[in-house]
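Good morning, and thank you for the time. I would ask you to look at the following structure with me before we discuss its details.

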Amino acid sequence: MSFFSFNVTLSHTIFLLLYIIKINKATFKGGTNMKKNHWLLGGTLLGIVFFLAVFLIKPVGVSTQFSVLSGKIHTAIAADVTAPVPGKPKEFTSTNAYYAKSKGKLVGNMQNLVNYDFIFVLSIPLGAYAASMLTGRKEQAITAMPKGSKLSQFALGFLGGAVILYGARLADGCTSGHMMAGISQGSFSGFVFAAAVFATAIPTAILAKKYLAGGK
């Protein structure tokens, strides 16, 4: 981690902490309800987690691990897709150009799923479940999905997730890698990615809301 990246990440975290303390000053002193500012507290805690990840280990990334998992399944079917680099038994390459990119980093991670990145991704749903149990919010109604059977809703959700994941891999990163981890380190691609996400997500959300409301 470079000195510049460390300072950018640290300054962002300090700013968030100071901001939440300022907004919730009365809350910390008087113990009043924080629900109206829950997004601010959650965002600050998320910023701290990303800072610790960058400072202690490495920047956070999520969508890449889906490529790692699919590659692992692929190699289980066709073992000759990957092979050790001649003279370097601990390094791997692949006949698949996508696996072999980034100097074989992806194909290297495919050899052993017990690594920091993959365990981090597996921990996301586990952490979400733990948070829901601790806060008592076990279930929430899904109002953004068209009415229908659970199977049709699952199919639409799966299709939407597949499209998002495909786009993330085309962009060589997702909101975690590009936006959260990237922007916190001052990455220009992170800012470009964030602008593109909001430029498409906001109109899409508005149109989807009108559609679900019957065109009103």
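Residues are numbered from 1 along each chain as its sequence is written, and side-chain values use heavy atoms, with hydrogens and water left out.

I begin with pLDDT, the predictor's confidence in each residue, from 0 to 100. The protein chain has an average of 76, and 75% of the residues score at least 70. Helices (H or I, at least four residues) and strands (E, at least two) are DSSP runs, numbered from the N terminus. Helix α4 has the highest confidence, at 89, and helix α2, residues 25–30, the lowest, at a mean of 46. Across residues 25–34 the pLDDT is below 50, and this stretch has eight contacts in the model beyond near neighbours in sequence; contact means heavy atoms within 4.5 Å. Where pLDDT is low, the predicted coordinates should not be read in detail.

Next, the hairpin. Strands β1 (residues 82–85) and β2 (residues 88–94) pair in the antiparallel sense over four bridges; pairing requires that DSSP find at least two bridges between two strands. V85 stands opposite K88 in β2. Two residues lie between the strands, and G87 takes a positive phi near 80 degrees.

Buried means under 20%, exposed over 50%, and partly exposed in between, with a 1.4 Å probe and protein chains only. Leaving aside residues up to four places away in sequence, Q65 touches N115, D117, F118 and V121.

Now the aromatic rings. Rings of Phe, Tyr and Trp (its six-membered ring) pair if their centres lie within 6.5 Å; planes under 30 degrees apart count as stacked, over 60 as edge-to-face and the rest as tilted. The count by this rule is three aromatic pairs. Y98 and Y99 have ring centres 6.4 Å apart and planes at 65 degrees, so this pair is edge-to-face. Y98 is partly exposed at 28%, whereas Y99 is buried at 7%. For Y116 and F120, the centres are 6.2 Å apart and the planes at 40 degrees, so that pair is tilted. Y116 and F120 both lie in helix α7, four residues apart, about one turn of the helix.
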